[in-house]
Amino acid sequence: MALQYKTIHPVKYLRDFLAHNVRPDGRGLLKFRPMALNVRSISSADGSALVKIGNTSVICGIKAELATPKAEEPDRGFIVPNVELSPLSSSKFRPGPPSEEAQVASQFVFDVILNSGCIDTKCLCIVPDKLAWVLYCDLVCLNYDGSVLDACILALMAALNTVSLPEVEYDHEKSTTTVKTERVPLKILSMPVSTTHAIFDDEVLLADPTCEEEDLASGTITVVVSEGKLCSVWKPGGSPLTESQMDGCVDRAKNRVSSVLDLINTALKSSS
Amino acid sequence: MFAMPVDTKRIQGPEVSVPYDQFLAQQSQQSNEEAIGKERIDGRKSDELREIFLKTAVLSQAKGSAYIEMNNTKVICSVFDPREIPRKSEFSVNGELFCEFKYAPFSCRRKRGHQQDSEEKEMSAYLKRALEPAVCRHEFPNLQVDVYALVLENDGSALAAAITCAGLALADASIPMFDLVVAVQMGISITGKKFLDPTLEEEAYCFTLSGSDEKGSFGRVTAAFLPSLEQFSQVVQDGSMVTETYVEVLKELAHASKDAYRLSQECLLKAVQTSKEIKNAEQKN
Amino acid sequence: MAAMAEDQHVLRKMFCEFDVLSCPDGSAMKYRNRSCLRPNKLIIDKACVEAVYRPKVGQPRVADKTKEKMIGNTCSSAILSTLYPRTSVSIILQEMQNSGGLMACAINAAYLALIRSGIAMKFLVAAVTCGITKDDKVILDPDLNKVKDCHTELMFAFDSIDFNIVAVDSSGQYTEEQYQKALSLCKEASNEIFDFYRNLVKKYACCI
């Protein structure tokens, strides 16, 4: 019976749950789903991590390549993050070029890397104006069940922590490159953690929403915290929120940081 | 010179970048090739499959899904509910399968492009042909079932893994089927050595023609088998092969797929049992 | 055309012209608005609001899609979309000149266009940008010269009823304190933009 009710009147179905301060999956309104993390899962990548937040799962693989730095920034390497919302992950997505949502997610991840300064692209430069590393960070969503941005940032940061780059020698006279077998771990300067809330019925805040909840929500807000500072508060429209509601989101985002970092550290320790 | 069209829907890196492994000191490759010629690096017998890990219902958003792991070859598959065939006006008696085979950008030694390339399109077609005979397509006329296979890591036999995985995912999605589909690959080197379920290195070795007469058989064969019907649904072969060798290889593949079939069955059985247990537990509560 | 205000706590002068399509406050915008039926994106019980953002030069890229989402969502939150079933509202923005505060300007321009088009809305929205300088000062509506001194830029959009927060966008790193400071400053400044809206409507009421 519940299933039919949900199909016919999804909004009312969710509202009935929320009236009792509980969500369809049994969580409290401001509770987060359990997370799981596996690092170094892909041996063909230079760094990788598989993240699950509830049912949402995202895999991140990082491939390093060599390139010539840009003329306007001769002492910097590149980080190229791309989020792929593969048709595998949900019936919402079709094969073909990235949807608008995927593009927005890619840009969001790119901005977080830039704003948090988690990687100094200067460290990725080997010889100024000649040779630099490019890190292609591909985030593939395997199961799309809400809060994908959070999962993406988590997967990316965990994967970046597993990257180690081989030492490179560059001969200026012959302009030849030799790659050695010794590897040096990538320097990570900060660890941004992202937290998403959904707004339902213009006033109820739901932490870490599932796909169902996101679909019915009248807006979302994503807060990224890095080293005690905010590095992104992103609320792309939707229902207006009061200042205290916003502050609540920021506070919960801050409180969540330690548990996420613990998870990453435990996963990294157990794999090395 | 043509400028490459810029993909404005993805974040762009530098125009040209090269993988670093080509600058590595080249010594290991030669010795590896010699080693493969003698015996298999992972210590398997020539007719031994890698250990297979199978799991169904791994993704909640799909109707059916499956994951297969054969050492370092990892493939994930999802299947969705039948939906109307897009852009089709006339009635089709049989339902259609839409199959997409994709390598994740980080799955291979070289970085893969985001867009489906010609190899992936070819693989998609093979996947479709391998699955179609197993599905009761007459049960969903005018509808299409989407099957997506994503290779997370490729260490040889990716197509075979994808077919087995997709067969399981179809079963998990409760799509009516005549039989399960399992696929196994075999590689033959010019020296006459056979590799069942080859790794990436062994696959490459099968195509090195150095120091040999051109008449021998070499290449690889992937066969999708419907085990209880004892029929092949699709055989993909590349390289060149003497007819007798080819027949022999097919026989061996049919035999080997029985092992894979047993594992698939066990996996499905286990899935049914656990879902039954969950239901029982729910009823008790 | 746009005079630069010297005081750090004053918005730059705004300028808007309807129909001729220009609204420079340093960053100039041309905007247009139309309603029509679009069968591919049809929603049966309400209007579909979409924004199209065109950069000054070249093809729209990934970053422009993010802007589109920001503008589109910010506008759709105010539009009484249930009044216009099976309709699509397209807001088309063309960047003309960027001298800082582009996003805020785009949102304000979109709202002015919505006012002009007469689409029913729950409230109006005003967007304000501010920057945090290296010596920890919060300055309102920085132009391109001042942006260079800022490590952080924040954009807030407020509704006209309770001055609640409709949209937030940021670049750079900042503490919660700085965030609060910026928020209150922008909130105050949003009044000025609502006044600007009001004056414009007054001025154009006779000819609209």
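Which residue stands opposite B:Val18 in E1(B)? The residue opposite B:Val18 is A:Leu66. This is a predicted model, in which local features need pLDDT of at least 70 and side-chain atom pairs count only at pLDDT 80 or more, while totals for chains, interfaces and linings use all residues. Residues are numbered from 1 along each chain as its sequence is written, and chains are lettered from A and ligands numbered from 1 in the order in which they are written.

**Where the chains meet**
- Strand E3 (residues 56-67) of chain A pairs with E1(B) in the antiparallel sense over two bridges, where strands are DSSP runs of at least two residues, numbered from the N terminus, and pairing requires at least two bridges found by DSSP.
- In all, 33 residues of chain B are in contact (C-beta atoms, placed from the backbone, within 7 Å) with 45 residues of chain A.
- On the side of chain B that touches chain A, two or more residues come from each of strand E1 (18-19), strand E4 (73-79) and strand E7 (143-153), and the largest share, four residues, comes from E7(B).

**The nonpolar core**
- The largest nonpolar core has 208 residues, and those with the most contacts inside it are A:Ala155 and B:Ala162.
- Such a core is a set of buried Ala, Val, Leu, Ile, Met, Phe, Trp, Tyr and Cys residues joined through C-beta atoms within 7 Å, buried meaning that 20 or more other C-beta atoms lie within 10 Å of a residue's own.
- Leaving aside neighbours within four places in sequence, B:Ala162 is in contact with residues including B:Val75, B:Phe101 and B:Val151.

Definitions and conventions:
Buried ≥ 20, exposed ≤ 12 C-beta atoms within 10 Å, placed from the backbone. Contact = placed C-beta atoms within 7 Å.
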